Protein chains: 2
Amino acid sequence: MNQERILLAHGAGGRMMGELIERVFLSRFSGAGARLGDDSATLPAAGPVAFTTDAYVVDPLFFPGGDVGRLAVCGTVNDLATAGAVAEWLSASFVLEEGLEISVLERVAESMAAAAKEAGVSIVTGDTKVVPRGAADKMFVATAGVGRLLRPRPITGAGARAGDVVLINGPVGDHGIAVLSKREGLAFESDIASDCAPLGRLAAAAVQAGDVHAMRDPTRGGLASALNDLAVQSGVCIEIDEAAIPVRDAVKSACEMLGFDVLHVANEGKMVVITAAADEEKVLQAMKAAPHGQESRVIGRVLAAPPGQVRLRTAHGTTRLVDKPAGELLPRIC
Amino acid sequence: MNQERILLAHGAGGRMMGELIERVFLSRFSGAGARLGDDSATLPAAGPVAFTTDAYVVDPLFFPGGDVGRLAVCGTVNDLATAGAVAEWLSASFVLEEGLEISVLERVAESMAAAAKEAGVSIVTGDTKVVPRGAADKMFVATAGVGRLLRPRPITGAGARAGDVVLINGPVGDHGIAVLSKREGLAFESDIASDCAPLGRLAAAAVQAGDVHAMRDPTRGGLASALNDLAVQSGVCIEIDEAAIPVRDAVKSACEMLGFDVLHVANEGKMVVITAAADEEKVLQAMKAAPHGQESRVIGRVLAAPPGQVRLRTAHGTTRLVDKPAGELLPRIC
């Protein structure tokens, strides 16, 4: 039973594919719209919606704090959350390598179902393809999501204004270091777990508490990339305080050992929230009270100039530019 | 220039990724909602929508009549069409193998843009991941689509009723044989092109012309799988006439040579339409007048029993059961 494996026939559109989908997916993704047989789901949207997609190619498939399935649900939920949208419906498409153990696929599906439940979202439609051994590495998952906008207009990365404050909901770098540790069998493997989590409720709490101008989840490329994107899109300078940015000791040590800038390391359960200064306290308290928000804090502020720049005020009182990573830090981190 | 290749850094969330996305995708997918920087698009939906997804792993990437990009757009448009929905917005996520020539990615993006234009759909959001050499075979594309329902309730596979007629918009088997020929370098390569095409307008024309009870695009698993699914979902028997099913001579010869049942061979530009007998002529004429519908014809009828069965009435007047392919006919056909 445990040794059953994915065969090419499981992707061929015939009986075996139907049986696999029924056994692995439909039994778990029994959301409102999940139906056997039809190629699409009907969503009872009542107005403008937000729409996003992401592919997940993380290696290894399972790591401390998460797996490719949890990642695929949370990542798409969080991309919608950054727009001020509450994820309601997800699609999931799978590229499977011939020979993959079906029990592995079942574990991933189980994890997706649990993450979807946690996030309050339904997985309503999907697809499965199988490629011959060697044409893919075990499993890739792509999810797309549709969400309801909390405000008539989406929150974009272009809304930050001089005078705003920058908040984050907890320590950075956990996800990247957790995946790398597991993959490479590094000593700190057991000390660090991915922060992978659905942040829809946290983002909604912030948006409902005050005048949120921009949000972004700092995934690939880390906090540095997210802030640089926001600074460019909004045409502002973002200044963050090194001392205010939470980093776990184990992550700090790992980054020092590996020569990484923790600001470049991926997160999967963090949200940068930029809000009007007048609403700082209301938004901060709302975030702290929300799931995955207990460690929220202010980490910086928005300045008028120079536009497109991110600066770090160090513990020594100096400032340095924070750039995006130019190249590759950690392949297959998400 | 032609020799530029995808590097791991192109998927790392940093500057190189932004540059690649801008150069390859944003310059081509400049649909209504395509924006640089944000992780989602906003769709001006005004009511219930249909939602679907598919992953595309076809090998080779380019084949007579199409490529992975055209396939990824048409396949998702067609899945929405089967529900009686007009595709309006697509997402696209890419898994790229390190070392892929950027010019190949550009050709695929160009083809997606052309197919999207043909289908009247906008590609509004996307994602790009890069995996190390050997972890994927060149390129996989997953698309998701959101469409407007033509009727308040979607058309499902469960709507066929005894007495209905079964129509199709042209010859079957072209796509599967075209891809296989190209991949294996078979002699009939030049004679057969994929039928890959967006069928939104054809399906809409049928739905607007008469009382359409069910539709299905016969892709993987061919006409046999599509009809079996419809028969099971609707709890009816479907009987088709061998003499009425159009098959090109070159496809017929190829199937004979390869030992394939043409009813099991994939299509990417065909739609099975099941309609009330009273509307047969109106629906047939509407299909014939629509894009990709010139060769439409009636191929069979729906009977009350035995439920879940598909029967073929042969040229000799006998009948045989038509089953789904149990296993694998053609891997990586779409």
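Student: Is Arg332(B) buried or exposed?

Tutor: In this predicted model, Arg332(B) lies in the segment after β14 (319-321) of chain B. A residue counts as buried if 20 or more other C-beta atoms lie within 10 Å of its own. Arg332(B) has 20 C-beta neighbours inside 10 Å, so it counts as buried.

Student: What is the phi of Arg332(B)?

Tutor: Most residues other than glycine have a negative phi. Arg332(B) is not a glycine, yet its phi is positive. The value is about 55 degrees.

Student: Where is Lys138(B) found, and is it buried or exposed?

Tutor: Lys138(B) is not a glycine, but its phi is positive, near 65 degrees. Its place is in the loop between β6 (122-131) and β7 (139-149) of chain B. Because Lys138(B) has 20 C-beta neighbours inside 10 Å, it counts as buried.

Student: Which residue follows α2(B) with a positive phi?

Tutor: Helix α2 of chain B comprises residues 68-82 and spans 21 Å from its first C-alpha to its last, close to the 21 Å expected at 1.5 Å a residue. The helix is mostly covered, with 15 of its 15 residues buried. The residue that follows α2(B), with a phi near 75 degrees, is Gly84(B).

Student: Which residue does a cis peptide bond join to Asp59(B)?

Tutor: Most peptide bonds are trans. At Asp59(B) the bond is cis, with omega about 5 degrees.

Student: What is omega for the cis peptide bond between Ala305(A) and Pro306(A)?

Tutor: Pro306(A) is found in the loop between β12 (297-303) and β13 (310-313) of chain A. The bond that joins Ala305(A) to Pro306(A) is cis. Its omega is about -5 degrees.

Student: Which residues of β11(A) lie on each side of the strand?

Tutor: In a regular strand the side chains alternate between the two faces of the sheet. Both faces of β11(A), residues 272-275, are covered, and the four residues are all buried. One side carries Val272(A) and Ile274(A), and the other carries Val273(A) and Thr275(A).

Student: In β11(A), which residue is the bridge partner of Val165(A), and which stands opposite Ala214(A)?

Tutor: Strand β8 (residues 165-168) of chain A pairs with β11(A) in the antiparallel sense over four bridges. Strand β9 (residues 212-216) of chain A also pairs with β11(A) in the antiparallel sense, over four bridges. The partner of Val165(A) is Thr275(A), while opposite Ala214(A) stands Ile274(A).

Student: How many bridges join β2(A) to β7(A), and how many join β5(A) to β7(A)?

Tutor: Strand β7(A) has 10 of its 11 residues buried, so it is largely enclosed by the rest of the structure. Both β2(A) and β5(A) run antiparallel to it. In β7(A), Thr52(A) has Gly145(A) as its bridge partner, and Ser91(A) has Ala144(A). The bridges number eight for β2(A) and 11 for β5(A).

Student: Which residues have the most contacts inside the largest nonpolar core?

Tutor: In soluble globular proteins, nonpolar side chains tend to be buried together. The largest nonpolar core here has 240 residues. Ala206(A), for instance, touches residues including Val212(A), Val273(A) and Met287(A). Those with the most contacts inside the core are Phe140(A), Ala206(A), Leu227(A), Phe140(B), Ala206(B) and Leu227(B).

Student: Which element supplies the largest share of the side of chain A that touches chain B?

Tutor: In the interface, 68 residues of chain A are in contact with 68 residues of chain B. By class, the side of chain A that touches chain B has 35 nonpolar, 20 polar and 13 charged residues. Three bridges also join β2(A) to β1(B), with Ala50(A) partnered by Thr42(B). The largest share, seven residues, comes from β2(A).

Student: Which kind of axis relates the two copies?

Tutor: Chain A can be laid on chain B with an RMSD of 0.0 Å by a turn of 180 degrees and a shift of 0.0 Å along the axis. The copies are therefore related as by a two-fold rotation axis.

Key: Residues are numbered from 1 along each chain as its sequence is written. Chains are lettered from A and ligands numbered from 1 in the order in which they are written. This is a predicted model: local features need pLDDT of at least 70, side-chain atom pairs count only at pLDDT 80 or more; totals for chains, interfaces and linings use all residues. A nonpolar core is a set of buried Ala, Val, Leu, Ile, Met, Phe, Trp, Tyr and Cys residues joined through C-beta atoms within 7 Å. A residue is buried if 20 or more other C-beta atoms lie within 10 Å of its own, exposed if 12 or fewer, and partly exposed in between; C-beta atoms are placed from the backbone. Two residues are in contact if their C-beta atoms, placed from the backbone, lie within 7 Å. Helices (H or I, at least four residues) and strands (E, at least two) are DSSP runs, numbered from the N terminus. Ala, Val, Leu, Ile, Met, Phe, Trp, Tyr, Cys and Pro count as nonpolar, Asp, Glu, Lys and Arg as charged, and the others, Gly among them, as polar. Two strands pair if DSSP finds at least two bridges between them. The expected span of a helix is 1.5 Å times one less than its number of residues. Copies are superposed by least squares on the C-alpha atoms of residues with pLDDT of at least 70 in both. Lists of a residue's contacts leave out its neighbours within four places in sequence.
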